[in-house]
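Colleague: I am new to this structure and would like to learn how to read it step by step. Could we begin with the general idea behind each feature and then turn to the case at hand?

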Amino acid sequence: QMIQIAHESLPNVKMELLPLLDEHWELVALNKGKIKLSPDWKEYARLDASGALRIFTARKDGVLVGYFVLIISKSIHYSDHFFAVNDVIFVKPDSRAGATGYKLLKYAENYCKQVGCSTLTINTKVHIPFDKLMIGMGFDLIERVYCKYLGK
């Protein structure tokens, strides 16, 4: 049961992503009763067509068990640099053994280096931390983000 890590395109993986996105949302989302999962697939397609979207996948025997989605863009603060920022990252709980998350992140990190990104930023949930992995991979904790539900 080898895990295969790859860079895949949105059209090739979208239908397989849907059930994993739902599982991911159920496990980590806050304000579930107020903010429902509703991906803007037209915007994802636009980002994909512009070359900004990158999707890295983890598969076990060909079945999708994890994903790491990044947006790569020129920095508006540092215009001679490209920054990679994560959109979502998820590995099914029953597929986390064997360093699947590490392998997925390392593959994406190497990809980002090859395409000339200056930084890779990964947001993590405080209530479901994986700080030990981030620190072990050489990431620095650089910001705290506060969020308040405002209604609607």
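Modeller: Let us begin with secondary structure, where helices (H or I, at least four residues) and strands (E, at least two) are DSSP runs, numbered from the N terminus. Read along the sequence, this chain follows the pattern β-α-α-β-β-β-α-β-α, which comes to four helices and five strands. Please keep in mind that this is a predicted model, in which local features need pLDDT of at least 70 and side-chain atom pairs count only at pLDDT 80 or more, while totals for chains, interfaces and linings use all residues. Residues are numbered from 1 along each chain as its sequence is written, and side-chain values use heavy atoms, with hydrogens and water left out.

Colleague: How should I read the overall dimensions, and what radius of gyration does the chain have?

Modeller: The radius of gyration is taken over C-alpha atoms, and the globule rule is 2.2 Å times the number of residues to the power 0.38. For 152 residues a compact globule would have a radius of gyration near 15 Å, and the chain, with 16 Å, agrees with this. Along the principal axes, the C-alpha atoms fill a box of roughly 45 × 40 × 35 Å.

Colleague: What share of the contacts in the chain joins residues at least 24 apart?

Modeller: Contact means heavy atoms within 4.5 Å. Among contacts between residues at least 6 apart in sequence, 65% join residues at least 24 apart.

Colleague: And how do I read burial; what percentage of the residues in the chain is buried?

Modeller: A residue is buried under 20% relative accessible area, exposed over 50%, and partly exposed in between (1.4 Å probe, protein chains only). Buried residues make up 34% of the 152 residues in the chain.

Colleague: Which residues have the most contacts inside the largest nonpolar core?

Modeller: In soluble globular proteins, nonpolar side chains tend to be buried together. A nonpolar core is a set of buried Ala, Val, Leu, Ile, Met, Phe, Trp, Tyr and Cys residues joined through side-chain atoms within 4.5 Å. Here the largest such core has 22 residues, and Phe 68 and Leu 70 are those with the most contacts inside it. The elements that give two or more residues to this core are strands E1 (3–8), E2 (53–60), E3 (63–74), E4 (82–91) and E5 (117–121), together with helix H3 (100–114). Helix H3 gives the most, with five residues. A second, separate core of 13 residues includes Val 13, Leu 20, Tyr 67 and Phe 90.

Colleague: Which residues is Leu 70 in contact with?

Modeller: Leaving aside neighbours within four places in sequence, the contacts of Leu 70 include Ala 52, Phe 56, Val 85, Ala 108, Cys 112 and Leu 120.

Colleague: Is Met 15 buried or exposed?

Modeller: Met 15, which lies in helix H1 (residues 10–28), is exposed, with a relative accessible area of 62%. Between Met 15 and Cys 112, which are 97 residues apart in sequence, the distance in space is 25 Å, C-alpha to C-alpha.

Colleague: Where does His 7 lie, and which residues does His 7 touch?

Modeller: His 7 is found in strand E1 and is partly exposed, at a relative accessible area of 36%. Not counting residues up to four places away in sequence, His 7 touches Arg 54, Ile 55, Phe 56, Tyr 107 and Tyr 111.

Colleague: How should I read backbone angles in the loops; what is phi of Asp 61?

Modeller: Asp 61, in the loop between E2 and E3, has a phi near 50°, a positive value in a residue other than glycine. With 54% relative accessibility, Asp 61 counts as exposed. Asn 31 lies in the loop between H1 and helix H2 (41–50), and the phi of Asn 31 is near 55°, again a positive value in a residue other than glycine. Asn 31 is partly exposed, with a relative accessible area of 30%.

Colleague: Finally, where is the place of Phe 130?

Modeller: Phe 130 sits in the loop between E5 and helix H4 (131–136) and, at 25% relative accessibility, counts as partly exposed. Not counting residues up to four places away in sequence, Phe 130 touches Ile 89 and Thr 124. The C-alpha atoms of Phe 130 and Gly 101, 29 residues apart along the chain, are separated by 9.8 Å. Gly 101 itself lies in helix H3 and touches Val 91 and Leu 133, residues up to four places away in sequence again not being counted.
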